[in-house]
Amino acid sequence: MNARIFPLLLLPVTASAQGFAGLGADSDGFSTPQEPAIFDFPSDHGPHDDYRIEWWYLTANLEAEDGTPYGLQWTLFRSALTPNGGEGWSSPQFWMGHAAVTTTDEHFVTERLARGGIGQAGVTAEPFEAWIDDWQLTGLDFDTLQMTASGPDFAYDMALNAQGPIVFHGADGYSVKSAAGQASYYYSQPFYDIQGTLSLPDGDVAVRGQAWLDREWSSQPLSDDQTGWDWFSLSLGDGKLMGFRLRQTDGTFYTSATWIEPDGVTTAYPDGAFDAQPLSRVSVAGRSVPTQWRVTLPDRGVDVTVQAINDAAWMDTSVPYWEGPVTVTGTHDGVGYLEMTGYE
Amino acid sequence: MLLNVTDLRKSYAGPDGALPILQGIDMMLNRGETLALTGESGSGKSTLLHLVGGLDQPDSGVVEVDGVDIGALDDAGRAAVRRDKVGVVFQQFNLIPSLTVGSNISFQARLGGREDKAWIADLSTRMGLREHLAKYPEQLSGGQQQRVAIARTLAAKPALVLADEPTGNLDEATADTVMDLMLELASETNAALLMVTHSQRLAGRMGRRLHLRAGRIDGSPT
Amino acid sequence: MTKAGLLALLSHWRRNPVQLFTLVVGLSLATALWSGVQAVNAEARASYDAAAETLGEGQFAQITSDIGTISQADYIALRRAGWLVSPVIEGRLDGVRLIGLDALTSPGGIAPVGLNDGAMTIDMLTAGVLFATQDTLDNIAEYGVQTVASPDVAPGVILTDVGTAQRLLDMPDVLSRLIVAPSRPLTQIPLGDVMPNLTLRAPQGGSDLGRLTDSFHLNLTAFGLLSFAVGIFIVHGAIGLAFEQRRPVIRTLRALGFPLGRLVALIGVELLVISLVAGAIGVGLGYLVAAALLPDVAATISGLYGQSVSGTLQLRPEWWVSGLLIAVGGTAMAAAASLWQLARMPLLASARPRAWAMQAGQGRLLQAGVAVALLILAGVLGWLGSGLVAGFGMLAALLIGAALALPVVLDRVLAFGAAQAKSVMAEWFWADTRQQLPGLSLALMALLLAMAANVGVSTMVSSFRLTFTGFLDQRLASEFYVYADDEEQALALRTFLETRVDKVLPIQSVEQNIRGLQSEVFGPTAHETYRDNWLFLNAAPNAWGDIENGVGAAINEQLARRADIDIGDEITFSGRSFPVLGIYGDYGNPIGQVIVTKTLFEDLFPAVSALRFGIRMDADDVPALAIELRETFGLAEANMINQAGIKAFSLSVFDRTFTITGALNVLTLAVAGFAILMSLLTLATMRLPQLAPVWAQGLTRARLGQIEIIRAVLLALLTAVLALPLGLALAWTLLAVVNVEAFGWRLPMFLFPLDYARLAGFAVVAAVLASLWPARKLARTRPADLLKVFSNER
């Protein structure tokens, strides 16, 4: 029952579903991202209640000592029903947490939902603390974090240390999502070293690897003719690549990408520079989902094949989507994460 | 005069209106007399027997049994006549299936309050039923059952014994034995015997003979 | 050809409309009673399900606090320790139960309210929406909160968001209890480490209500099945007769070359159509039965269990389907033997109807053996079994065993009667009755079951009523009860009353949450009235003495049951713990109740003063005093309760609660009567060869008819006599086995000979009514029809 409620909360009062999870909804009454983007840290690590939707989105590519690959996800979504509202139980803020661990043959997912205003979930900027129930992502500052999450069949406890600076996407953090100008504030910390323990049904596994944390908030991140996106965060030998393509109802795509050099210097690419084409599809949770891609960014000589470690990384949550670790081969070798939404 | 029938008429409701069965019958019978009623199927001989026995009601005419006009009696009156004056032996289903042979034999006599134990015992012995008294009718053969029926009828010492094809279901030898006994015992009790039969041979053993044709007596009584 | 065959077969019904009527009516009645009872059950169950979903009870583990409430901070702390708990707050709003839930965390959402509407969901979570049935909504004032009529919410309950409930109840940051979701995170911290003051209660495996009311429904279902069985007897009889009478037609059709398979198929289709039509009529009738019974069922259940059931009936598709299925299935069962015989009948078999109902001696022996085995099984179950299932198993074995034994026993009784007979008529009567027994035994079994159920249930109900009357005498010991509007008036009233009556007993009470359950705490004055009149179901030694000394409390059975409290357990309220020393019956009270002594009460709740008074006085002076109080204090009528009035009211409520069993009893008996009627009619035709010789030898048809009635009365009386011990055994099982499971205590069994005599009277009346028509028919048989028995042309 409650699993059905959260998508309802993402809908504006009058509209039917628009775009993926209602993200194409009107921004009436909410603040909207403006250019130029001016950030104020650490307070911008905290929530922006006057925007409709916001997330703290961490993915990690991990390896056990024997080289076995794992993927990990820790996400906290904030959704506001109205731009301003009551306190306590009447608060219009709602929180949704997703945690997952992906192995080569299994995918563990769990979800938490919470009302704002009562302390069950929230984020504070300084000291940084993001939590929902017993899940936490906390640290004295944004560079050194502890992270826990737990479900009925898995748990993890991780330590993160940033090895590089925060990077900004689009125009210094103002990330345009459509030709019509919909945009979000979007920055990342892609340089975390991560290590810790995964608790899985077969026992605890010590792992280490690299994590990528996305921060994004907006009130209308998609235009109403966009049905979903395919998003890549790839760690390649000589740099990192964030690229996405937004699928539009007319069959065209809107793409955007950021090339991140090891020292954190970024190059933003406009629509059309980055391309991703499905190579093969698999059937997951009754849907046909592409889990093998050809990803190109000619300007950087990138022409790679991206392959899911586990095709079945389906997030069977209130808002369902595909999210899982990938390996990269071709002109560049590496690992990364793939997120695909809006596959119905 | 035990039985006096005058201008007896009876019809049954048929598909095309009333179907006349008896169209004016006159006949008489005294105690000790035996009379055979013969005729084709549907000639009305069984109906005549039924009316004489108080088993059914005539449309018109008079049936006097022992001086009583049974046509004028009500249901209870006719039942009393059946109980007290008449004994009937039918071709089949004469016996009460829930009672033993012994009880069947004495039933009518006891019903009429005329039980004569010595006579009944004698009757049972002569009918060859002694060893069957505790049995139920269904355990007996057809001939035995008819003998029980005759014994039952004579046990009550009725003035008028009516028999409707009493041996019709029996083979010839058995029929003869049964017939002999019936005639013998009827004469012993000085009863009048009126018997419906197809068989010329059996009819020939009776004192008189009436032939019915289409509800009327055919020719003069012999 | 098929059409010609069908016409030939159907012509039978045109010539025998009464038979068709019997078939359809029997099947309709059977289906009606069955589906009516099922409808009542389904409706009541739907209400419980709504209630159970509403409360989240039973299905999920719960966390409660000894002090009755849990702070919201503790709730958050538990969530943050990995406990997937969901808050529940309960209270009363204008006397209606208000339940606040959090749809986001509750494992059942806020079922039974379906949240498919985004706008509604947002309103509910932020502005507040009250969900309840329209009746319930009509009973509350306007709170400036949107209301939504929602038929699936349990009657008498308002569902809303936990925040809205806190606001309306003015209980900020307070929760009543927490529902624990089945899913547990790996790293959950043990409850004792997080919140040692809270208690985890395991799920109860089916709700309390479900368990309590299961036996009641089981009772109803048993009644439904019994009625259906009785109805199937009728159908079996009618079908058997129709087959017998159609033998000549069937023989002729077959002789004319009509294939047997097609004939069987035709008859099967014909029966299917009849059963569907009769089933539809039956379901319709059942709906009416259910609609008529439902208010009584609602009263019964709310009276017995303090649980309201909505008094309106909704047409649920499952009744239609199950009703039609059972009609078709029942017909198939009843017709199977006849169809089987038809399929195996040699072409040249006699066209004359056999006495189909007559059983072979060997069958009788087998039946007696099965009966004895079942009765032994019943005895073993009664001796060794425990629990509801064993109880009902024993009942089933007992009833079926007794029903199977009935023809054998009656046969022996009739044989004995025959042996005693002096007159020839008596001899024939006994013998003939005995011969009829096989044909009537199905109907007599039906009568036996109906009567035994009647004896059993009425014994249980009457025993309960007698116990309850005594209980009322205990509980409403004062002659007069007065309620003041406020404390000032209470003081004045008390002063006024003390000079006029024998004794004023203040009744002070305060609402408290005991183990998460809303309860009332009473502090009665220690007075012999209570000591004399309160009887415990279960108590520690010297319970009243200790309670009067302030060292313990007594609680009502409802609280004990729902919170799983036993003698010696501690309950906490107002910050102090007390051992429970006594548990008392508190019939019809929906909420928990605690009694402590007056001095202790005043110690715990110094601010609470008595607004209610029990007054000991001469009962005759009550009306005068009431007038005086009204004139002096302007006391409203509702503030004064005359003991005699409340007793009468309580008893009327109580009696209403059992009208349903009464109604079902009458209906079942009526159906049994119908079965007798139809069996007699069925037998009438085949009996002519048995009756004709008797008639020919000098009995009138009228006399034969009278004997038919006497025979029916005799058989009914004999069956009644046999039903009595069976019914008493049934009653004992209900009181000593089923009641213990359903109500939690064993009721003393009282015997009601007058009731049984009346019941036997009813059975005789039913038998007379059932035999009147066949007897009249026999008395009017044309002599020609009787004479046909003897003629060669048959």
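The questions and answers below go through some labels used for this predicted model.

User: Let us start with chain B. Why are H4(B) and H5(B) called roughly antiparallel?

Analyst: Look at the angle. Helix H4 (residues 117-126) and helix H5 (residues 142-155) of chain B pack at about 155°. Angles over 145 degrees count as roughly antiparallel. H4(B) and H5(B) are therefore roughly antiparallel to each other. Their axes are 10 Å apart, and the crossing is right-handed.

User: Which residues of H4(B) and H5(B) meet?

Analyst: From H4(B) come Trp119(B), Ile120(B) and Leu123(B). From H5(B) come Ala151(B), Leu154(B) and Ala155(B). By class, this contact has six nonpolar, no polar and no charged residues.

User: What makes H5(B) and H6(B) roughly parallel?

Analyst: Again, take the angle. H5(B) and helix H6 (residues 172-188) of chain B pack at about 10°, with their axes 10 Å apart. The cut-off for roughly parallel is under 35 degrees. H5(B) and H6(B) are therefore roughly parallel to each other.

User: Which residues make the contact of H5(B) with H6(B)?

Analyst: Gly143(B), Arg147(B), Ile150(B) and Leu154(B) are on the H5(B) side. They meet Thr174(B), Val178(B), Leu181(B), Met182(B), Leu185(B) and Ala186(B) of H6(B). The classes are seven nonpolar, two polar and one charged.

User: How do you know which residues of H9(C) lie on the same side?

Analyst: Start with the buried ones in helix H9 (residues 247-255) of chain C: Arg247(C), Ile250(C), Leu253(C) and Arg254(C). They cover an arc of only 130° around the axis, which puts them on the same side of H9(C). Just after H9(C), Gly257(C) has a positive phi of about 95°.

User: What makes Gln166(C) count as buried?

Analyst: Its relative accessibility is 5%. Buried means under 20%. Gln166(C) therefore counts as buried. The residue lies in helix H6 (residues 162-169) of chain C. Beyond its neighbours within four places in sequence, Gln166(C) has several contacts, among them Trp89(A), Gln72(C) and Ile89(C). The C-alpha atoms of Gln166(C) and Gly100(C) are 7.6 Å apart, although 66 residues separate the two along the chain.

User: Why is Gly113(B) called exposed?

Analyst: Gly113(B) has 63% relative accessibility. The cut-off for exposed is over 50%. Gly113(B) therefore counts as exposed. This residue sits in the loop between helix H3 (101-111) and H4 of chain B.

User: What about Glu165(B) and Asn190(B): why do the labels read buried for Glu165(B) and partly exposed for Asn190(B)?

Analyst: Glu165(B) has 13% relative accessibility. That is under 20%, so Glu165(B) is buried. Asn190(B) has 39%. That value falls between 20% and 50%, so Asn190(B) is partly exposed. Glu165(B) is in the loop between strand E7 (160-164) and H6 of chain B. Asn190(B) is in the loop between H6 and strand E8 (192-196) of chain B.

User: Last, chain A. Where is the cis peptide bond that ends at Pro36(A), and in which loop does Pro36(A) lie?

Analyst: The bond runs from Glu35(A) to Pro36(A), with omega near -5°. Pro36(A) is in the loop between helix H1 (2-10) and strand E1 (53-64) of chain A. A cis peptide bond also joins Glu126(A) and Pro127(A), with omega about -5°. Pro127(A) lies between strand E5 (121-124) and strand E6 (128-132) of chain A.

Technical notes: Residues are numbered from 1 along each chain as its sequence is written. Chains are lettered from A and ligands numbered from 1 in the order in which they are written. This is a predicted model: local features need pLDDT of at least 70, side-chain atom pairs count only at pLDDT 80 or more; totals for chains, interfaces and linings use all residues. Side-chain values use heavy atoms; hydrogens and water are left out. Buried means under 20% relative accessible area, exposed over 50%, partly exposed in between (1.4 Å probe, protein chains only). Helices (H or I, at least four residues) and strands (E, at least two) are DSSP runs, numbered from the N terminus. The arc is that of the directions from the helix axis to the C-beta atoms. Axes are lines fitted to C-alpha atoms, for helices over the stretch in contact, and angles run from 0 to 180 degrees between N-to-C directions. Angles under 35 degrees count as roughly parallel, over 145 as roughly antiparallel, 65 to 115 as roughly perpendicular and the rest as oblique. A crossing is left-handed if the near helix is turned anticlockwise from the far one by less than a right angle, and right-handed if clockwise. Contact means heavy atoms within 4.5 Å. Ala, Val, Leu, Ile, Met, Phe, Trp, Tyr, Cys and Pro count as nonpolar, Asp, Glu, Lys and Arg as charged, and the others, Gly among them, as polar.
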